[in-house]
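Good morning, and thank you for coming. Please look at the structure on the screen while I go through it.

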Amino acid sequence: MENVILTIHLILALLLIGVVLLQRSEGGGLGMGGGGGGNGVMSGRAAATALTKLTWIFAAGFIVTSVTLTIIAARSADGGSVVDQFGGTAPAAQQPAAPLGSDLLPPTGTDAPLAPPRADQGTAPAEGTAPVEGTAPAAPAAPATNN
């Protein structure tokens, strides 16, 4: 059933393309003439020609077959995997040779903070070491003046 509707859909698409290309230009599309006269788009009421009626019929059929194909596809979709349709099995995930840690940072030798101290705090002694007496944080340099 789906193949029959799909075939009709493709035939309607080709017929719709052909009928649209056979119609006379209304002008203004690409700057080419051909429309002219009093039967343009802005006129009171354009006469419905056979090609215009065929265009509407083919367009309506195209839309109906599109909606029908969508409904058929939604009903037949079971939500399974594409691999399941072919009967294959998915390859197993390979384990890395070395186990990875829980974080992406390199291991540290001490429990020192990972970030350096702020510039206005000076240098802090590492944990487990005694502070050196007589040291003070570095004072900011005086700005140079050009005279």
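Let me begin with a term: accessible area is the area found by the Shrake-Rupley method with a 1.4 Å probe. On that basis, the protein chain exposes about 13,100 Å², and carbon and sulfur atoms supply 64% of it. Please bear in mind that this is a predicted model.

Next, the overall architecture. The protein chain contains 3 helices and 0 strands, and its pattern along the sequence reads α-α-α. How much of the chain is buried? Of the 147 residues in the protein chain, buried residues make up 9%. As for contacts, let us take those between residues at least 6 apart in sequence: 59% of them join residues at least 24 apart.

I now turn to a pair of helices. In general, two packed helices are described by the angle between their axes and the distance between the axes. Here the pair is helix 1, residues 2-22, and helix 2, residues 50-76. Their axes come within 9 Å and cross at roughly 150°. Because angles over 145 degrees count as roughly antiparallel, helix 1 is roughly antiparallel to helix 2. The crossing of these two helices is left-handed.

Which kinds of residue form the contact of helix 1 with helix 2? They divide into 17 nonpolar, 6 polar and 1 charged. On the helix 1 side, the residues include Ile5, Leu12, Leu16 and Val19. On the helix 2 side, they include Leu51, Phe58, Phe62 and Leu69.

Let us examine some individual residues, starting with His9, which lies in helix 1. Is His9 buried or exposed? Its relative accessible area is 12%, so His9 is buried. Leaving aside residues up to four places away in sequence, His9 touches Phe62, Thr65, Ser66 and Leu69.

From helix 2, consider Thr55. With a relative accessible area of 16%, Thr55 is buried, because buried means under 20%. Again not counting residues up to four places away in sequence, Thr55 touches Leu16, Val19, Val20 and Gln23.

Finally, Ala60 is also found in helix 2. Ala60 has a relative accessible area of 41% and is therefore partly exposed. Between the C-alpha atoms of Ala60 and Leu12 the separation is 9.6 Å, and the two residues lie 48 residues apart along the chain.

To close, I would ask you to return to the pair of helices on the screen. Thank you for your attention.

Methods:
Residues numbered from 1 in each chain as written. Predicted model: local features only at pLDDT ≥ 70, side-chain atom pairs only at ≥ 80, totals over all residues. Heavy atoms only, no water. Helix = DSSP H or I, 4+ residues; strand = E, 2+ residues; numbered from the N terminus. Buried < 20%, exposed > 50% of the residue type's maximum accessible area, 1.4 Å probe, protein only. Contact = heavy atoms within 4.5 Å. Axes fitted to C-alpha atoms, helices over the stretch in contact; angles between N-to-C directions. Parallel < 35°, antiparallel > 145°, perpendicular 65-115°, else oblique. Left-handed = near helix turned anticlockwise from the far one by under 90°. Nonpolar A, V, L, I, M, F, W, Y, C, P; charged D, E, K, R; others polar.
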